Amino acid sequence: MKKQYLILLLTLGSVVACVKPYDFDPLSYEKVLVIDGAVTNEPGPYEVSITYTFPLEETTAETVADAQVWVMDGAGLRTDFSPSESGVYTSPPAFRGVVGNRYSLFVEMPDGSLYTSDEQLLKASPEIDSIYGKYAQLPNDADEQNVGGIQFFIDSHDDTGETRHYRYEWEEAYKIQVPYPAHYEVVVSDTDTVIVPLDTPKGICYQEYYSNSLIYGTSVGSRENRMAEFPVRFVSEKLPHLRTRYALLVKQYAISESAYLFYKRLRENNESGGSLFDKQTGSIFGNIHAVDNAEQSVLGYFEVSGVSSKRRFFYNRDLDERLRAGHFPYSCLYTERISTVPDSAYYYLQIYDGNIYALYTFPPSVDIYSRGCTDCSFYAEVIPPDYWVN
């Protein structure tokens, strides 16, 4: 939870919030406090980030290291957060949001000024019914030309009949298989040089990525109160993700209407879809304010949400036949191999930076290929994620 939520905060780029509307002038700069945080019913710990805005010519934000941060539930139970890194405050490991409870965030600055959020109800998130993919051609951001790929969707529904608002995050992983897995290595001693089999070939690895954009939706307008064919992730066929086996986890956050409207306005007011430092075209309301000074601008949003999640695996062969799986990221033509006698293997391995993928006994010879085509361990993980299913 910590890693995914931190990525969301970075994506939002210190999102905009205040009791009064805050108008941005791209030609001027005002130092404004930024407070971001969240509580869900997933296991913690949760994080609250406290920083200040900074001019466009700078690259890092000033952080607040000596604040007092706590969350109060509707019954008055206080949970204190502890500083964990510069500008970040973390909840106790045992603290976990409870569906049906209300929560408010409080921040006391080193100068004694107090900030708080509106009280938020933690609502349960309905289960995600299904995750599936369809072939699509969408504009490519780089050149605005259409590119093929798989658009992944989710379906979910709510039996309570209540209108729902959601925010989504995804986590993906894919299996990497190199064309010529390394099966042998050269062992050099004072008296001899021998070629021995590797205990484990170096040709299979795994890569993981996480969503870094703002994804939200609502069941308003749906007769059956469903999220039907809602797009969460498009994987271009220019990427290598769908060459063999692919896994997609989708998290569905049940958020309040005010949070949904905040994210919607934020997206509409940012040309890049979620950065405070892009050109702003309007004003955005949030739910954090200064207790003793209603006129003071504060940026950020304290989100309270229930979470449900679902993961599905996809084989390349199960996807639409129109999909052209992305090219392997290295040039691995068979004509680029080096075939030599075993006694010369060590020499060629040193100058070629490669690995032995084949050893023949008659006539004695070895086939050597470049590292990128034989060993994926230098750019991906050889140990599969805990949840991986072959």
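Between which two strands does the loop that holds Pro363 lie? The points below answer this and record the other backbone features of this predicted model.

1. Pro363 is placed in the loop that runs between strand 22 (354–361) and strand 23 (364–370). The peptide bond that joins Phe362 to Pro363 is cis, and its omega is about -10°.

2. A cis peptide bond is also found from Gly44 to Pro45, where omega is near 5°. Pro45 belongs to the loop between strand 1 (33–40) and strand 2 (47–52).

3. Asp353 is not a glycine, yet its phi is positive, at about 50°. This residue sits in the loop between helix 3 (345–352) and strand 22. The relative accessible area of Asp353 is 45%, so the residue counts as partly exposed: the class covers values between the 20% limit for buried and the 50% limit for exposed.

4. Glu229, likewise a residue other than glycine, has a positive phi near 50°. Its place is within strand 16, which spans residues 226–236. With a relative accessible area of 39%, Glu229 is partly exposed.

5. Glu229 is located in strand 16, and Pro45 in the loop between strand 1 and strand 2.

Notes: Residues numbered from 1 in each chain as written. Predicted model: local features only at pLDDT ≥ 70, side-chain atom pairs only at ≥ 80, totals over all residues. Heavy atoms only, no water. Helix = DSSP H or I, 4+ residues; strand = E, 2+ residues; numbered from the N terminus. Buried < 20%, exposed > 50% of the residue type's maximum accessible area, 1.4 Å probe, protein only.
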